[in-house]
Structure formats: C-alpha cells, structure tokens
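Here is a short briefing on one protein chain. Look over the model first, then read the notes below.

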Amino acid sequence: MTTLDRDPKSSIDKKTSIGALSLAALGVVYGDIGTSPLYVMKTVFEPAHGLAITDHNIIGVISLIFWAIMMVVTVKYVSLILRADNHGEGGIMALLALASSSIGNRPQLHSILFMIGAFGAALFYGDGVITPAISVLSAVEGLEVATPMFQPYIIPITLTVLISLFLIQQHGSGGIGKLFGPLTLIWFVTLGVIGLINIAAAPEILQAFNPQFAVSFCLNNGLLAFIAFGAVVLAVTGGEALYADMGHFGKIPIRLAWYGCVLPALILNYLGQGAILLADASVISNPFFLLFPSWALYPAVALATIATVIASQAVISGVFSVTRQAIQLGFLPRMQIKHTSDQKIGQIYIPFVNWVLLTAVILAVVGFGSSSNLASAYGVAVTATMVIETILTFFVLRFTWKYPLFGAILATGFFLIIDTTFFAATILKIFQGGWFPIVIGAIIFFVMITWRGGRKLMLEKLRSEDIALEPFLESLLAHPPLRVEGTSVFVTANSIGVPHALLHNLSHNKVMHECVVFLTVYYREIPRVPDEERVIIKPLIGNCYQVKVYYGSKDEPDLPLALEMCKPHGLEFEPLSTSYFLSREIVVPTPGSGMSQWQERFFSTMARNASNAAEYFNLPANRVLELGTRIEI
C-alpha cells in the first residue's frame, strides 16, 4: 500500500481520536475552571471588600480576569508547563519526580524538593474539599434568583446533591461518565452564547481587552485592587488541572479543547457579566444567573448543577488518583483501593478517603453557608500550589532541559511574581475562611512526613538487624532442612537481608520449599514502568531466586501478574502450589533518637491500621501466610 493510500484513513482516525479525547477532556479537565463564572464577579464586588461598582472598575476587573486567564492558564500552563511531562504524565507528583530526578546527587536539595512537592500535594486535598462545596452551592443558589422562597432550602438541596455524589463513588462513574464530555460541551456553549447575547447591553465592555484598563484599575484603587486580586484568581482556579490530567488525554486534545471551546466561552461569559453590570449595577447580587431571561432560569440552574457535579466528580477522582500515587511513592500508608471498572484500570475508589472528604465537604457547606463565604476560603490552597509548581518548573528548566541559569530564572520568575501576588492577595482572607484549606493541607502534610519519616526509621532498624541473605543461604544449605513440594515467595522490603518470615518459618515449621523466591517491590519516580522492565531475576544457590519487581506511581501493583513475566526468564510459577509469606511489622515506639515519642505513636497507629499488603498486591487470600515482627523505633 502506498503512502497516498494510507494517509487519508490514518489522518481521519487520528482526527477522530483527537476530537473524542478533546470532548472527554472538557468534562474532566475543565469542569473546575468552567464553573468559576458562577461566583467570580459576585465575589470581586462583595460589599465587605469595599470596591465601588463603577464603569471604570467593572471594565478594569474584566480586564484583570481576561489577562489573568491569558497569562496563568494560556501562557503558563498550556504553553509552558504542559511541556514538562514525566513520560507523558502530568500533575504535581509527576513534576516533583521530574524535578527531583534532574538534580543528580544533591541529597539536601532532593529533600527540600520532596518537602515542597509533598506540601503541594497535601494542599490539593484542601482544594478537593472546597471545589465541590463552592461549585454545587453556587449553582443551587441560582434558585434564589428565580424566587426568594427557595432561600431556606439552598443548604439542604446542596447537601443532598453532594451526599448523593459521594454515595455513588463506590459504583464508579464509568457509565454516566460517557455523558460528561457532551454535557460539559453544552455548558460551555451556553456560557459563550449567553455572554455574547448580553454584550450588546454595553458594547463598551470590549475595552477590557486593552491591558491599560487593568493597570489603571490597580493604580487607582491601590489596596482595594490588591484585595480584588484574591477574588480575580478564582477565575483561574482549575487551570492546574490541565497539567494534572495530561496523562489521561495528551497535550494536543487538552490544548485543542482550551483554544477551541473553553477559552472563548469563558471570555465571552465574563464580558457578558461585565456588560449587564455596566447597564444595571443592581444585578451584582448574582450577575451570572441574571444573564438569563426569567423563563430560562430554572433550566440554567439545572444545567449549572449538572456542570458543578461533573466538576466535583473530576476533583474527587483526582483526589483518589493523587492518594494512590502518594501511597506508592511512600508518602501515605496503604489503603483499601477498589476498582470500579473492569475495562478501565484507572477508575478507582478509596473508601476511607471518600468518607473523610464527604465529612469535610459537609462541614464546609454548613459552616460557611454561602458561596460568597466559601470564596474567601477558596484560592489560598490553589495559589500556593501554583507557586510550588512554578518553583518545581524552574528545576526542570535548569537541570532537565539544561536552560542557562538566567533563562530559567527569566522564564519562571515572571510567573512566580504573578503567582505570589495572587497568593499574597488570598492570604488577606486567611481569617475569613482561608485558614480552612490550609489546615486541611497542613494535616495531610503532617501525615505524609510522619509516615515517610517513620518508614525510613523502620527500614533503617530492619537493615541494622538484618542477616546477609547470600551467606545465610550458603550456611543453611550446607545442612539443608527438609524440602517440600511447591514454591514459597517471601515478600520483603530489603533485598539483601534474610526476611523475618523465613526465619520464623524455619524456626517453627523446620521446612523449606523446593523453590524459594525472595521478592522485593521497588517504585520508580516515573508514572508507569514498561512490562519489559517489570522484573529482574537473580539466581541464587539451591534453587533460590531473588526477584525485583518495579512499578511506577500510576501502575497497578499485581504480584501474581508480575511473576508470570518471569516465565521467559526460565522461572515459572504454578498458582496452586505457590505460597506467599509476608512480614507484618508491629511498630513499638521507644524513647531516643528519631521522631518525637508522640509522633512515633502516631506512626505506629497508622502502620497498625494500614490496609492488608496481600490485598494491596492482589495476592490470592488462600495462598498467603502473614507472620508478625516487632520493630522498635
């Protein structure tokens, strides 16, 4: 077949695939930023902020929003950070892995980067609480615009929607998820069309494209303009999702969806809101829903609620994904992870995280009471994450892409000024609710550093007491114990030491299987490890083998499947005659060096309540023997 014969079909298939991915990306990637028009303008001109609703201020705010979207989302994320992929994957964990692997042998800098990255990941949990709360609440508040009689029912309706959303997580969103893209497309088309229609009310709003109005607004309003920055930044929250979801959809579909649909829809809607404010300042009570004629209010509320539920679903799924990555990178203890789809391996459900998240969301909705109050809590965690991502990007530019120091500083310094300005503006709201996501992030960060520090102490203790494996086998097999049929697989964290489970088995049962495998799992700082690099086998004496299994942060640990990959290397396993031996570490806190006593007790509690290793590694329950080992730290 000639090139001319092949090109049309392959070109059509490629275009179809990119189009389908772009449509899917609308629902997952852009749900958060796509619902921001619901509350941004109302929050900017909140009476408590003291900003007068004048023509100059309205045009200035719309200009600020436009240029914030262009600089932060279009230039920073779409043009720059999307290029910093870690084997095709994005997100703060991927950026952290990319940055830390690029700095070489600099242990101190490596530790600092991991602390910064872990704090950024922890802040994402704060965003995971605020986003569903403010999005759904702001949509349901549209009922107040239709008629004040709905006012007492706003919170109950919001809670009903949110609780229902969290309850269905255990069943997955695979079936209904197919509708997310088309429904979100309808939402963005509605945003753009209703905004375009209302621009006619005051065409002078188009002056907002001139950055001079944004600059003039800042100069004329001083501190009030700086306070307004803390609300304007809400227009770009969700922009970081472009990078976080790159691995699911790819750069081209995400960029195509942004330029072809999301960007024009958002800009037109903000312009429309600005135009009706110029025509009638009283619509500031809810400028988004007052864009619609009265007959369209209820359909608009219904569509907005659907859009916010989709945005919330994307955030919840993101929290599950980040949790799994954090577990596999050693930042969090093992948790029960359920797969909600047999077809799609990435669809997961983590019960503990789901219920904790729901509890926090309910507290946020009831405690803050309105989207305007929640807006004060929103933004702090997001802007802090934006600052952290910019810092990590500097290390990628400097050490991975080998930019000269001046070039790396110039490229990231500009965005760092913007990000820190937004962050500083949101910090002003720390006592009005900004503390809420920060406290959530701080708690998660403390859990992360405690778990990571405790694991380090525990492994150091194990290694200090370990007996070298190969000399031990030589001594043991010089006068071998009884060998029985079958294969024993000892899963151990230390590949060079004798597993405690083996010592206990020899001590109590005084037998050894005819084939013995010492298996150690390693996690590499990449999203996925290719199958051909999954296992490394080292033959030892006496039909014993050392097997190293490698996973990436987004791989699904499955040891029986990994052991099947040993067959081409001459090591074959019969499932019904293979037994798995695990060591269950019982952590005993003791005074002395290491962590503080209370922190060690907390680590001990987490270790005791971590999910079962057999379940986590997908081991057959009827072929697992678990033996306890006391470890003093």
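## Aromatic cluster and overall fold

Trp 187, Phe 288, Phe 289 and Phe 292 come together as one aromatic cluster. Rings of Phe, Tyr and Trp (its six-membered ring) pair if their centres lie within 6.5 Å; planes under 30 degrees apart count as stacked, over 60 as edge-to-face and the rest as tilted. This is a predicted model, in which local features need pLDDT of at least 70, side-chain atom pairs count only at pLDDT 80 or more, and totals for chains, interfaces and linings use all residues. Residues are numbered from 1 along each chain as its sequence is written, and side-chain values use heavy atoms, with hydrogens and water left out.

**Aromatic pairs**

- The whole structure holds 26 aromatic pairs.
- One of them is edge-to-face: Phe 66 and Trp 67 sit 4.9 Å apart, centre to centre, with 80 degrees between the planes.
- Phe 66 is buried at a relative accessible area of 13%, while Trp 67 is partly exposed at 29%. Buried means under 20% relative accessible area, exposed over 50%, and partly exposed in between (1.4 Å probe, protein chains only).
- The pair of Trp 187 and Phe 288 is tilted, because the ring centres lie 5.7 Å apart and the planes meet at 40 degrees.
- This pair links distant parts of the chain, 101 residues apart: Trp 187 belongs to helix α10 (residues 180–199), and Phe 288 to the loop between α15 (251–279) and α16 (297–328).
- Trp 187 is buried, with 3% relative accessibility. Phe 288 is buried too, with 1%.

**Fold and dimensions**

- The chain has 26 helices and eight strands. Helices (H or I, at least four residues) and strands (E, at least two) are DSSP runs, numbered from the N terminus.
- The chain is as compact as a globular protein of 633 residues, because its radius of gyration is 28 Å, close to the 26 Å from the globule rule. The radius is taken over C-alpha atoms, and the rule is 2.2 Å times the number of residues to the power 0.38.
- The C-alpha trace spans about 95 × 75 × 55 Å along its principal axes.

**Packing and charge**

- Of the 633 residues, 55% are buried.
- Among contacts (heavy atoms within 4.5 Å) with a separation of 6 or more, 83% join residues 24 or more positions apart.
- The chain carries 37 positive and 40 negative side chains, and the centres of the two sets are 5 Å apart. Lys and Arg count as positive and Asp and Glu as negative; His and the chain ends are not counted.

Conventions:
Charge placed at Lys NZ, Arg CZ, Asp CG, Glu CD.
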